[in-house]
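This report covers selected packing features of one protein model. The sequence and structure come first.

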Amino acid sequence: MKLIQKFTSKLNQNKPKDIIKNVTIESKKNNKIIDLNEYKKSKKLMKLFTVFLLVSALISPTKLSADGGETFVGRDRYETNFKTVQNIQNPEGIIVASGEDFPDSLSAISLVRVTNYPLVLTSKNGLNSDLRNYASQSSIKNIIVVGGKAKCNKFENKNYIYLRGRDRYETNKKVKEYVGKLDSESLGFPVVVDAKNYADSLSASNALLTQKGYLEFDPYSSEVVNSSNVYVIGGRIKNFSNKKHTTWIYGRDRYDTNSKVFDTFKYTFENPERCVLASGENFADSLSACNISLIKKCPIKLSRSVTSNNSEAYIVGGFGGRNVNHTTPKLKDETQLIVTKNKNEIEIKQ
């Protein structure tokens, strides 16, 4: 309260000294008489209004800023997920995937760009109370449930679409087929990853959230064989069916791979100078990072930790308590990489 009093006092000191004179002159032109007591009352009201605005700013919930530096973290993966989805107002639908089984949830990333729906994580017991309330809002007409372990609550007046297979590969195939129905051009840009490596798949989201593409677990599918523009993320896939039109992006470990994917696709985002920072060890929180990337139109950076120096990042989720001992790599703004779609080339400009 002392801070507010000090601020209002300083505000009053900075007011022009001839304010009463100006009001009086203007009133003479209008042939009116000013009551000084009434004027003093109006000054008091202005003071109260200023205090009200200050208090409102202090107690109002945090919203996304244009400059980054926001943190979205909850007590668990589902509360963290809610903190990201609640920033997407009145969506026409949601994509529901398991917060406990990463392969099917990774396939769901392919649907985020093509639908502009937020990714909502569910436990084996269904959505938590916050996410239930979010999913029940009247604007949501479609609920796409991905994977056999994704349990979604039943709501009235919703259209449910279930994309489930016997295993991660069949579920991935069903997602691919549905992406093709929504946007046939997306099947011309497969992004191939190892279905057992969630970190590289999360890195691949930087391609999926801006390009007309889909996540592919099968390197020998007909779409991959016939595509003129294939990206392989990670180094585990050795033999490949379409070497002629394939670009490989991989590094020494998950962070080096992510850095290369990040640099390759960052300039396909509208805000490449910002990033969404997420843990390379926590797949659930990193999945939720897709929602902030969708809103703020900036790429996702995986890191071991986060420090107070990450002023340009939107931070999603926890980092295992190791944020004190490590420094996140700085963004390489001096390097610009332009992805030439359909030509399988990367042009580098310094």
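This is a predicted model: local features need pLDDT of at least 70, side-chain atom pairs count only at pLDDT 80 or more; totals for chains, interfaces and linings use all residues.

## The open sheet

An open sheet is built from four strands in the order E1-E12-E10-E11, with parallel pairing. Its edges are strand E1 (71–72) and strand E11 (300–303). Each of these has a single partner strand, so one side of each has no neighbour in the sheet.

E1 and strand E12 (residues 313–316) run parallel and are joined by two bridges. Thr71 has Ile315 of E12 as its bridge partner.

## A helix across the sheet

Helix H10 (residues 254–265) lies across strand E10 (275–279) and E11. The angle between H10 and E11 is about 160 degrees.

## Helices H8 and H11

Helix H8 (residues 198–208) packs with helix H11 (residues 283–296) at an angle of about 10 degrees, and their axes are 10 Å apart. Because angles under 35 degrees count as roughly parallel, H8 is roughly parallel to H11.

On the H8 side, the contact is made by Tyr198, Leu202 and Ser205. H11 contributes Phe283, Ser286, Leu287 and Cys290. Of the residues in this contact, five are nonpolar, two are polar and none is charged.

## Ser293

Ser293 belongs to helix H11. Its relative accessible area is 2%, so Ser293 is buried; the cut-off for buried is under 20%.

Leaving aside neighbours within four places in sequence, Ser293 is in contact with Leu209, Phe269, Val276, Cys298, Pro299 and Ile300. Of these, Val276 lies in the range of strand E10 (275–279), and Ile300 in that of strand E11 (300–303).

Terms used
Residues are numbered from 1 along each chain as its sequence is written. Side-chain values use heavy atoms; hydrogens and water are left out. Axes are lines fitted to C-alpha atoms, for helices over the stretch in contact, and angles run from 0 to 180 degrees between N-to-C directions. Angles under 35 degrees count as roughly parallel, over 145 as roughly antiparallel, 65 to 115 as roughly perpendicular and the rest as oblique. Contact means heavy atoms within 4.5 Å. Ala, Val, Leu, Ile, Met, Phe, Trp, Tyr, Cys and Pro count as nonpolar, Asp, Glu, Lys and Arg as charged, and the others, Gly among them, as polar. Two strands pair if DSSP finds at least two bridges between them. Buried means under 20% relative accessible area, exposed over 50%, partly exposed in between (1.4 Å probe, protein chains only).
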